[in-house]
Amino acid sequence: MLESLPCTSSNTTRELIPNTSEHAFDLLHKLLDINPDKRIIADAALRHPYLSQFHNPADEPSCNHVISIPINDNTKYTIQEYREILYSEVVKRKKELRRRLRQRELARPN
């Protein structure tokens with residue numbers, strides 16, 4: 001799917017948002033990096049100078065494991081299809097977590 005997208009340079013991106021501050025452009029550029037290994041991670045993004053006024057480490061929970069979305073990256077979906085698939089996965093996961101919680105509660109001695 002990504003191979004079908006046109007290649008653009010950061011100069012082209014800069015032309016699309018010409019009145020953006022350097023910090024804003026830098027963060028946006030890092031967030032939109034096509035290579036996930038080079039893309040900025042959430043913790044680093046929260047510490048980025050552009051977000052410094054909003055950064056509050058005491059109020060920013062973090063996850064200690066990788067979250068992967070079970071959607072094939074090589075399949076093109078419409079926005080609506082993507083939303084429906086993602087929503088379905090969230091609902092399925094919540095139901096599974098509730099089921100496990102009920103099982104634990106039932107297994108607990110009174």
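Start by selecting Glu96 and Arg99: the two form a salt bridge, with their closest N and O atoms 2.5 Å apart. Keep in mind that you're looking at a predicted model. Both residues sit in helix H4 (residues 79-107), three residues apart, or about one turn of the helix.

Next stop: helix H2. Pick Lys30 and Asp26, whose side chains meet in a salt bridge (3.1 Å, N to O). They're four residues apart in H2, about one turn of the helix. Lys30 is partly exposed at 34% relative accessibility, and Asp26 is partly exposed at 28%.

Stay around here and select Arg14. Its side chain meets that of Glu22 in a salt bridge (2.6 Å, N to O), and Glu22 counts as exposed at 56% relative accessibility. Show Phe25 too: the charged end of Arg14 sits over the Phe25 ring, 4.6 Å from its centre.

Now highlight Leu28, Leu31 and Leu32, a nonpolar patch on the surface with about 260 Å² of accessible area together. Leu31 belongs to helix H2 (residues 22-31) and is partly exposed, at 39% relative accessible area.

Last, color by pLDDT. The chain averages 87, with 91% of its residues at 70 or more. Confidence is lowest in helix H1 (residues 10-16), at a mean of 74, and highest in H2, at 94.

Definitions and conventions. Residues are numbered from 1 along each chain as its sequence is written. This is a predicted model: local features need pLDDT of at least 70, side-chain atom pairs count only at pLDDT 80 or more; totals for chains, interfaces and linings use all residues. Side-chain values use heavy atoms; hydrogens and water are left out. Patches are made of residues with over 30% relative accessible area and no salt bridge: like charges are joined within 9 Å, nonpolar side chains (Val, Leu, Ile, Met, Phe, Trp, Tyr) within 5 Å. Accessible areas come from the Shrake-Rupley method with a 1.4 Å probe; for residues, only the protein chains shown count as cover. A salt bridge is a side-chain nitrogen of Lys or Arg within 4 Å of a carboxyl oxygen of Asp or Glu. Helices (H or I, at least four residues) and strands (E, at least two) are DSSP runs, numbered from the N terminus. Buried means under 20% relative accessible area, exposed over 50%, partly exposed in between (1.4 Å probe, protein chains only). A charge sits over a ring if NZ of Lys or CZ of Arg is within 6 Å of the ring centre and within 35 degrees of the ring normal. pLDDT is the predictor's confidence in each residue, from 0 to 100.
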